[in-house]
Amino acid sequence: MTGFVVEFWLLPLDHYLRIAEDVTMDVYIKNPKGTRVALWDDVPSTSNTPFRFMLSELAVVGEWSVEVASEGVTFKTAVNVSNARGSTDPPKREQTITEEHFVELRFGHEMRHKYKPGLPFLGKVEAMSSEKNLRVRVKVFDNSTTIYSQDVEIIQGEGTFVVPAMLSDNEIIVLQAELVSVEGKEIEGHYVLAKEFIQKWNSTSDCYLLVEGVEHTLTANEEAEVVVLSSCPCNRYVNYVVTTEGHVAIWQKYKPVVHMTKIMDQVDICRFNLTFNVDPVMAPTSHLLVYYTTEKGETINDVISFNVKQTDPKVKISLKDNKNNWYPEELMELNLMAEENSLVCLIGGRGTENISPLRSVLQS
């Protein structure tokens, strides 16, 4: 009501509902015309002093607002000012100024943390949110200059993006993710929710290899094919190694059939395909290393991980006599089917304590 003192407190919380630290806020009051009539600058988040403001007798009647700006985000709540207290205008002792949406973004931990100049960069943004439909804008900064920007739709909590070519030579570039829209509605202020620093891959010859990852889980006996990109001419012999749990499964040297391609109409790169047969021993996860050595002795390489589906064991067992009980010392006959030259372990016993199961190893 006009002529009264407006008094309020602020309790800034982070997404974990903890007191936000090392944050400053600009607090101001706006009248119905949008004019700021009170302002508190650079208020620390740890301040517990109440804010007070006197409404004059000539204050404009209508909906006023208390607004708090911090780190590019503005929070606000409405306060109704009238000439008299009415029954339809109950006093509001407390109001919570919160973000309209809860959204937390981060870059995927399995994403590469080094980039190779002139070659593509694949990344992932993960989201934790109370909303289902989010759109995020990913920007790539070289110093303070934006060198690439892409909007990413978040589906089931994650979204991927591809920078066609990293046109930079800086030691460090910055990835930044900002919220653009929620449930199809553009938000007023795009604010940064995630930031990642990506280092440059060092090479004295300025030559780089990039193996494009396998997007699906491979199966045994499948022929896998990957694409390899090179920033330098690659009409040379190339080595590739597949390792599983530290053991070498494949080590080959060959001269690929290469093709030249242009990225973003600016960068000429060399491209070739690499194929290999998937062995069951490569399950569940293996690594593919591709490399060559320059005339000056520098090794140019790249490595990726891929998943292989573990095959179901082809073993069948059945009882020759279809019954549930046997007497002690009675002979039990089994029918066992397994692949030729496989080693099968038979374990039998009962659930009683202090009785060891019977174990037998059979060679089929």
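V6, I29, F53, L55, W64, S65, V66, V79 and V81 line the largest cavity. This is a predicted model: local features need pLDDT of at least 70, side-chain atom pairs count only at pLDDT 80 or more, and totals for chains, interfaces and linings use all residues. Residues are numbered from 1 along each chain as its sequence is written, and side-chain values use heavy atoms, with hydrogens and water left out.

**Cavities**

- On a 1 Å grid over the protein atoms alone, a cavity is a set of points where a 1.4 Å probe fits but cannot get out, and lining residues have an atom within 4 Å of a point.
- Grid points are joined across faces, edges and corners, and a volume is the space filled by probe spheres set on the points.
- Two cavities of 30 Å³ or more are found in a search of the whole structure.
- The largest cavity holds about 60 Å³ of space.
- Strand 5 and strand 6 (73-81) are the elements that give two or more residues to the lining of the largest cavity, and strand 5 contributes the largest share, three residues. Strands (E, at least two residues) are DSSP runs, numbered from the N terminus.
- The lining of the largest cavity comprises eight nonpolar residues, one polar residue and no charged residues. Ala, Val, Leu, Ile, Met, Phe, Trp, Tyr, Cys and Pro count as nonpolar, Asp, Glu, Lys and Arg as charged, and the others, Gly among them, as polar.
- The second largest cavity holds about 40 Å³ of space, and its lining consists of I147, Y148, V163, A165, L167 and M264.
- That lining of the second largest cavity has six nonpolar residues, with no polar and no charged ones.

**The second largest pocket**

- A pocket is an open set of points with protein on both sides within 12 Å along at least five of seven lines.
- The second largest pocket has a volume of about 980 Å³. Of its 34 lining residues, L122, E212, G213, V214 and E215 are the closest to its centre.
- Strand 17 gives the most to this lining, with five residues.
- The lining of the second largest pocket divides into 16 nonpolar, seven polar and eleven charged residues.
- Domain 2 (103-200) and domain 3 (209-307) both give residues to the lining, so the second largest pocket lies between them. The domain bounds come from an automatic or database domain assignment.

**Disulfides**

- The structure holds two disulfides, a disulfide being a pair of cysteine sulfur atoms within 2.5 Å.
- Another disulfide joins C234 to C270, with an S to S distance of 1.6 Å. This pair links distant parts of the chain, 36 residues apart: C234 is in the loop between strand 17 and strand 18, and C270 is in strand 21 (residues 267-277).

**Selected residues**

- S70 lies in strand 5 (residues 62-70) and counts as buried at 11% relative accessibility.
- F121 is found in strand 9 and counts as buried at 2% relative accessibility.
- F121 and V163 are 42 residues apart in sequence and 5.0 Å apart in space, C-alpha to C-alpha.

Conventions: Helices (H or I, at least four residues) and strands (E, at least two) are DSSP runs, numbered from the N terminus. Buried means under 20% relative accessible area, exposed over 50%, partly exposed in between (1.4 Å probe, protein chains only).
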